[in-house]
Amino acid sequence: MSVGESTAEQRLVRVGARDIAVAERGAGEAVVLLHGGGPGASGMSNYARNVDALAQRFRVIVPDLPGYGRSSKDIDQSDPFGDLAGAVRGLLDALGIDRAHLVGNSYGGAAALRLTLDRPDRVGRLILMGPGGIGTTRRPPTPGLKRLLAYYGGEGPTRAKLERFIRDDLVHDGTAVPAEMIEERYQASIDPEVVANPPLRRPAALRTLLRMDLLRDQRLSRAATPTLVLWGADDKVNRPSGGLLLAERMPRCDLYLVARTGHWVQWERPDLFNTLTAAFLSEESE
């Protein structure tokens, strides 16, 4: 493992040609928390209400995915979910971890599911919250997802665009989001490297679009990894109906639909999320 500069929260781990910023707390079985792909997102900001609770029982590893936070900004846009899955697998290698539980929200959920399909031997249990890539070729994008994908288009990123997305699309109760969080995410979203190379984009080719719909992956129906899907009933970014599609397709998938909650279950309902996550990850596999 090659470690570069550090902050109180993070260190940089060299994974192939990229640096991945990582925060760690706790001890025990490894649990990797993968954040979503909204503008200005990062690992610790997405899981600020969960890390300390989970670290009481697990070794909690929170990376900034490539393209976000302090990590390198390049992503293979021809296969973004596969590239992110490879980066997470490389991070596990660098940390000397053979097998870890994965927890993924939205974009990070798609990456976690793709890694589970690619290398099930590296994943213990899987928790997905409103994951991306579920039936995306079956219906047009939601208005929330359209606004997310359009953030860097038109006049470019603005604080008003980000605030509308977070308050109106990301959560059930927009008034609960502090202005400081929006400002922090806005400043991260206008990093010149990110503006020049936005990590989350509309697929440019049909092949990429089809590859990013994970319901089309034939391996899904054979996936033996114990999986828990948490989906906010009021999710305006990824349709909650995706949870039932996963539960119907995956042989060991439990589904929990969370009332009065949007796309950000782990932030909006932290006590419920922390309790369900700890219990599910602590279950003995059959």
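Residues are numbered from 1 along each chain as its sequence is written, and side-chain values use heavy atoms, with hydrogens and water left out. In this predicted model, local features need pLDDT of at least 70 and side-chain atom pairs count only at pLDDT 80 or more, whereas totals for chains, interfaces and linings use all residues.

Lining residues have an atom within 4 Å of a point. Grid points are joined across faces, edges and corners, and a volume is the space filled by probe spheres set on the points.

The largest pocket has a volume of about 650 Å³. Its lining comprises 34 residues, and those nearest the centre are Gly 133, Thr 136, Pro 141, Leu 145 and Asn 238. Two or more lining residues come from each of α4 (107–118), α5 (143–149), α9 (206–211) and α10 (241–249); helices (H or I, at least four residues) are DSSP runs, numbered from the N terminus. By class, the lining of the largest pocket holds 19 nonpolar, 10 polar and five charged residues, where Ala, Val, Leu, Ile, Met, Phe, Trp, Tyr, Cys and Pro count as nonpolar, Asp, Glu, Lys and Arg as charged, and the others, Gly among them, as polar.

The lining of the second largest pocket divides into 10 nonpolar, nine polar and five charged residues.

Two cavities of 30 Å³ or more are present. The largest cavity has a volume of about 90 Å³. Among its 14 lining residues, Gly 36, Gly 37, Gly 38, Leu 170 and His 263 are the closest to the centre. Six residues of this lining are nonpolar, seven polar and one charged.

The second largest cavity holds about 40 Å³ of space. Ile 20, Pro 63, Asp 64, Leu 65, Pro 66, Ala 87, Val 88 and Leu 91 line this cavity, and the largest share, three residues, comes from helix α3 (residues 80–94). Seven of the lining residues are nonpolar, none is polar and one is charged.

Helix α3 is mostly covered, with 12 of its 15 residues buried (under 20% relative accessible area, 1.4 Å probe, protein chains only). Ala 87, Val 88 and Leu 91 are among the buried residues of α3. Gly 96, with a positive phi near 70°, follows α3.

Thr 116 is found in helix α4. Thr 116 counts as buried because its relative accessibility is 2%. A polar atom of its side chain lies 2.8 Å from the backbone oxygen of Ala 112. Apart from neighbours within four places in sequence, Thr 116 is in contact (heavy atoms within 4.5 Å) with Leu 102, Val 123, Leu 126 and Thr 225.

Note on methods:
1 Å grid on protein atoms, 1.4 Å probe; cavity = no way out; pocket = protein on both sides within 12 Å on 5 of 7 lines; lining within 4 Å. Buried < 20%, exposed > 50% of the residue type's maximum accessible area, 1.4 Å probe, protein only. Polar contact = N/O pair within 3.5 Å; in protein donor to acceptor, adjacent residues only side chain to side chain.
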